Amino acid sequence: MKPVNLNTAPCSPVSSNCVIWQGPNIPCINLCNGDTVSDVVFALATELCGILDTLNVANYDLTCFGITACGPNDFQALIQFLIAQICALQGVVPGEIKNTTDCPDCLVTVADCFVVGNQTTMNLTDYVNMIAAKICSIIDQLAIINATLLSLDIRVTTLENEPDPTFTIPSYIIGCDIGTLNGGTSYQIDEILEAFTNDVWCDFYTATGTTTEILAAIAAECILGTDPSRANPPFTMEGAYPSWNPTSNTLASTINHIWIVLCDLYNASITVADTSTIDLTYTGGLLTARIIDTGWINLEGFTFYDMARTGSASFRPQCRRIGNVVHFRGLLTVPLASTLGGAALTYGYQSSPGYDSYFAAPYAYTAATGVGSCNIGSGGYIEFNQGISCIPVGILSVGETLDETYGLGWKIAVRPIDVGATSTMLTSLTSIGIGTNGVLQWGVSTNTEESVVSGGTGSWNTSPVNYIQSIVTAGNHVPKFSNGSSVYDAAAAGLQPTELFYDASIYPFSVNSTLAEELGGLGVRIDGLTSFINPCTVSTITGIIC
């Protein structure tokens with residue numbers, strides 16, 4: 001084979017690395033169709049070197065035969081020498097055939113290359129036949145190798161005589177700028193690849209993240225096609241938007257979903273729904289919320305109040321809802337019974353006859369009952385508005401109730417009265433409360449005295465609280481606690497007589513302010529009474545529009 005640096009003028013040298021073996025596959029030397037001629041020659045040379053090494057007599061140690069000179073000089077002489085030695089050992093003269101009882105049927109130890117499995121011995125005849133077959137095989141292989149080398153030498157020589165191949169790097173016109181390369185200009189493909197990799201792809205990859213990160217972002221999509229549309233209820237996203245891809249797994253489809261959701265939210269109209277406590281308003285893109293406040297509204301059942309004569313609207317019992325809390329205020333007064341004009345007296349302090357001056361018997365102290373007034377309970381209590389809820393429309397919606405009974409505890413109710421030369425007031429101990437049904441009640445001490453323990457009427461007027469309640473008789477003088485000896489003042493220590501000083505004024509009527517039916521005209525402020533609405537209701541009310 002000619003070396004590539006051989007002066008082959010006028011021919012151009014060709015490297016054997018550029019010539020392809022197109023002959024058949026040769027498994028025994030691991031050569032395949034398509035290998036370069038360099039690979040083929042190398043494989044054949046390697047195999048030939050191995051064979052030549054095997055045939056080299058110098059590689060065999062014959063010292064055991066006592067040969068120091070003139071030994072076999074080639075492989076054929078070596079084989080012939082070994083045969084002669086075997087014949088000599090067997091007592092066989094060359095050219096004669098000798099039959100023995102042992103050899104050639106005797107066992108001999110074989111060379112390592114003839115060992116099969118763990119079998120290291122073989123019948124001598126078989127061993128010789130195997131050696132002969134192996135030698136024949138080597139001779140046949142040598143013939144094939146020589147023929148192949150000859151053929152390769154011819155082909156390589158032919159290839160070496162061919163001119164050097166030339167390669168043209170393809171180019172094309174790019175349609176846009178790529179880094180420093182201008183669109184509309186033709187560039188070689190290696191220039192385009194370098195510019196695209198360094199000036200476009202690296203920045204693009206940095207901006208978009210890795211493929212793993214992009215797939216993770218796609219998997220993070222939280223709006224599903226089965227979720228409801230905001231702009232087109234009650235349709236789902238898939239139903240409202242045909243372009244929705246139910247099996248989104250690409251960045252393009254995910255971005256498509258994002259735009260669909262953004263447009264859906266942008267086009268969705270916000271509808272606000274007020275609750276029983278919050279008033280929502282959405283105007284001009286601004287959602288505002290405020291706690292519902294109804295303002296003060298008059299309680300039901302107090303039409304006997306003459307507002308023109310009370311002097312202030314806060315005298316009349318009122319309530320006000322703020323959120324889920326109902327607040328109460330005003331002077332809670334027991335209506336007086338009257339037959340004047342067939343109607344109850346109206347309450348007012350500004351002109352006579354008012355509750356402070358009206359005491360014409362027998363109507364001066366009797367609590368009014370019937371339409372527009374109150375009920376008197378047999379247990380010693382008063383129900384205003386005839387036992388119907390006093391909470392007006394606008395405070396509670398349909399189905400709403402108070403969650404518990406609330407009260408103010410015991411308070412002193414009073415009624416100013418004119419007794420002629422002077423004035424005084426009647427007093428009564430009262431307990432104000434409102435039930436879950438909205439009924440406003442006024443309890444008296446006799447109710448507690450008779451019912452808490454014994455339940456009998458014999459315990460009426462027995463507790464010390466009766467000292468601060470008016471139990472008076474018509475025609476008797478009014479006590480005056482600031483003149484002479486009295487129950488709260490003594491000139492000396494120790495046992496003293498109990499004395500009271502009485503004014504010249506006389507009670508114009510008899511009244512027992514511990515009895516519910518005789519509390520007409522007495523009043524007590526209910527400022528501070530609060531109650532809470534059952535929080536489980538979802539109805540709405542209307543507050544004050546500011």
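Ile297 stands opposite Cys319 in strand 8, and this pair belongs to the meeting of strand 7 with strand 8 (residues 318-322), where two bridges join the antiparallel strands. Strands here are DSSP runs of E with at least two residues, helices are runs of H or I with at least four residues, and both are numbered from the N terminus; two strands pair if DSSP finds at least two bridges between them. The model is a predicted one, in which local features need pLDDT of at least 70 and side-chain atom pairs count only at pLDDT 80 or more, while totals for chains, interfaces and linings use all residues. Residues are numbered from 1 along each chain as its sequence is written, and side-chain values use heavy atoms, with hydrogens and water left out.

Strands of a sheet pair through backbone hydrogen bonds, either parallel or antiparallel. Gln318 also lies in strand 8; Gln318 is buried, with a relative accessible area of 6%, where buried means under 20% relative accessible area, exposed over 50%, and partly exposed in between (1.4 Å probe, protein chains only). The side chain of Gln318 makes a polar contact with that of Arg329 at 2.8 Å, a polar contact being a pair of N or O atoms within 3.5 Å, of which, within protein, one must be able to donate a hydrogen and the other to accept it, with residues adjacent in sequence counting only if both atoms are side-chain atoms.

The largest has 41 residues, of which Leu332, Ile434, Leu440 and Trp442 touch the most other members. Among the strands that each supply at least two residues of this core are strand 9 (325-329), strand 13 (406-418) and strand 14 (423-434). Leaving aside residues up to four places away in sequence, Leu332 touches a set of residues including Phe302, Tyr305, Phe384, Leu440 and Trp442, contact meaning heavy atoms within 4.5 Å. A second, separate core of eight residues includes Trp21, Ile29, Val40 and Leu44.

Helix 3 (residues 124-160) has 37 residues and reaches 52 Å from its first C-alpha to its last, close to the 54 Å expected at 1.5 Å a residue, the expected span being 1.5 Å times one less than the number of residues. Its buried residues include Leu124, Tyr127, Ile138 and Glu160, and what covers the buried residues of helix 3 includes helix 1 (37-55) and helix 2 (75-89).

Some backbone details in the loops deserve attention. Most residues other than glycine have a negative phi, and most peptide bonds are trans. Asn385, in the loop between strand 12 and strand 13, has a positive phi of about 55° although it is not a glycine, and Gln386, found in the loop between strand 12 and strand 13, likewise has a positive phi of about 55°. Asn385 counts as buried at 15% relative accessibility, whereas Gln386 counts as partly exposed at 28%. The peptide bond from Pro233 to Pro234 is cis, with omega near 5°.

How values were computed: A nonpolar core is a set of buried Ala, Val, Leu, Ile, Met, Phe, Trp, Tyr and Cys residues joined through side-chain atoms within 4.5 Å.
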